[in-house]
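Hi,

Here is the structure I promised to pass on. Have a look at it first, and then read on for what turned up.

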Amino acid sequence: MLNFTSDRMNVSGLHSAPLARRRLLFATLAPLSILLGCGRRPKSEQQVVDLYIESDGDFLAFRPDTLTCPTGALVRLKFHHAGKIISARHNWVLIYLGQLEALTKEALDDDGILPKDDPHVIAATPLCDKGETVTTQFIAPPPGDYPFLCSTHPEDMRGILHVTK
Amino acid sequence: MKPRRIPAVLATIGIALLVASPVVAQLKSPDDVKTALRLLVQVSNDFKRQITAKNFARIPHEYMEYTEAADALHSAIKGEPADFKAKVETRLKAAVEAAKKVSDMSANTPDADKLMAEHDKAVTAMNAVFELFPADLRPDPNAPPRRGAPKN
């Protein structure tokens, strides 16, 4: 039976062990280390990008109003409602190219409530109250400058996500 | 100049400088005041937008936000002299009442033209509040929002 004391795990200890013991130790540890190594290896090489954006306090603006990420990356976006005074609700909605005006009209008509699978929308956080933080994640679309807005203030709270190659 | 006139001249100059100095130097929380005034304009503009879009059901919520901005102004002038506070609060009360009238009308008389006329009166009442503050603290109601908005 192997005795896994600190001395045995020590490199110098291995050199002094008999050959049969060393082989047995290797035979035991090698498959185990391969299995563990395989389990830890990421399944894909997809880049992960964490983005943070917030409202400009109680004012109707995003801070910052431009964000950047590479195409194909898994984007994990966190939006914080930094208001302290006004009880307006906000969110962050990323829109397909050329769909800004259509979505703005839709948001104004429906009081900022968008359907779950809105065809204009790439990704969106839920609406949140002052002091709250919400998140969304999505795969960054092909390169381009994608508009984003707050669906409850679509004419004021706007910005651009630069998706690079 | 006679030596005994010098203190009188200095006192006159001092008083003149005090009177001429902007009120902002005397305000205890100018940043909070500026924020509150900007929020009043922001919500007032939202009122107008909801009336134009005929989103009448949304107007009472705008009124609630207006009262929140008004409360922020109350807090911002908390430490100011009583006579100044009284002036602001009298005018602010009139502005809030005018905004309430728009809100009440939106439920009873959902007519965009009449609501817009009433909103104009509320804006006049709000501007009367702004006149009590130095020009550099007053928001420009026609200023575009601070953003890098895309065209489409």
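Which strand of chain A gives the most to the lining of the second largest pocket? It's strand S6, residues 121-124, which puts in four residues. Before you go further, keep in mind that this is a predicted model.

Staying with that second largest pocket for a moment: the space in it comes to about 260 Å³. Its lining has 17 residues, and the ones nearest the centre are A:Leu114, A:Pro115, A:Lys116, A:Ala124 and A:Thr125. By type, the lining splits into nine nonpolar, five polar and three charged residues.

Then there are the cavities. Searching the whole structure gives three of them at 30 Å³ or more. The largest cavity holds about 150 Å³ of space. Around it sit 16 lining residues, with A:Leu108, A:Thr152, A:His153, A:Pro154 and B:Gln50 nearest the centre. Two elements give two or more residues to this lining: helix H4 (100-109) of chain A and helix H2 (30-52) of chain B. The largest share comes from H2(B), with three residues. As for residue types in the lining of the largest cavity, you'll find three nonpolar, six polar and seven charged.

Next, how the chains meet. On each side 23 residues are involved: 23 of chain A are in contact with 23 of chain B. About 2,100 Å² is buried between the two chains, and carbon and sulfur atoms give 51% of that. On the chain A side, A:Phe59, A:Ile85 and A:Ile86 lose the most area to chain B, together making up 27% of what that side buries.

Of its 152 residues, 38% are buried. Its accessible surface is about 8,800 Å², with 57% belonging to carbon and sulfur atoms. If you take the contacts in chain B with a separation of 6 or more, 71% of them are between residues 24 or more positions apart.

Is B:Glu118 buried or exposed? B:Glu118 counts as buried, because its relative accessibility is 10% and the cut-off for buried is under 20%. Setting aside neighbours within four places in sequence, B:Glu118 is in contact with B:Lys101, B:Val102 and B:Met105.

Cheers

Conventions: Residues are numbered from 1 along each chain as its sequence is written. Chains are lettered from A and ligands numbered from 1 in the order in which they are written. This is a predicted model: local features need pLDDT of at least 70, side-chain atom pairs count only at pLDDT 80 or more; totals for chains, interfaces and linings use all residues. Side-chain values use heavy atoms; hydrogens and water are left out. Buried means under 20% relative accessible area, exposed over 50%, partly exposed in between (1.4 Å probe, protein chains only). Contact means heavy atoms within 4.5 Å. Accessible areas come from the Shrake-Rupley method with a 1.4 Å probe; for residues, only the protein chains shown count as cover. On a 1 Å grid over the protein atoms alone, a cavity is a set of points where a 1.4 Å probe fits but cannot get out, and a pocket is an open set with protein on both sides within 12 Å along at least five of seven lines; lining residues have an atom within 4 Å of a point. Grid points are joined across faces, edges and corners, and a volume is the space filled by probe spheres set on the points. Ala, Val, Leu, Ile, Met, Phe, Trp, Tyr, Cys and Pro count as nonpolar, Asp, Glu, Lys and Arg as charged, and the others, Gly among them, as polar. Buried area is the accessible area (1.4 Å probe) that two parts lose on being put together, summed over both.
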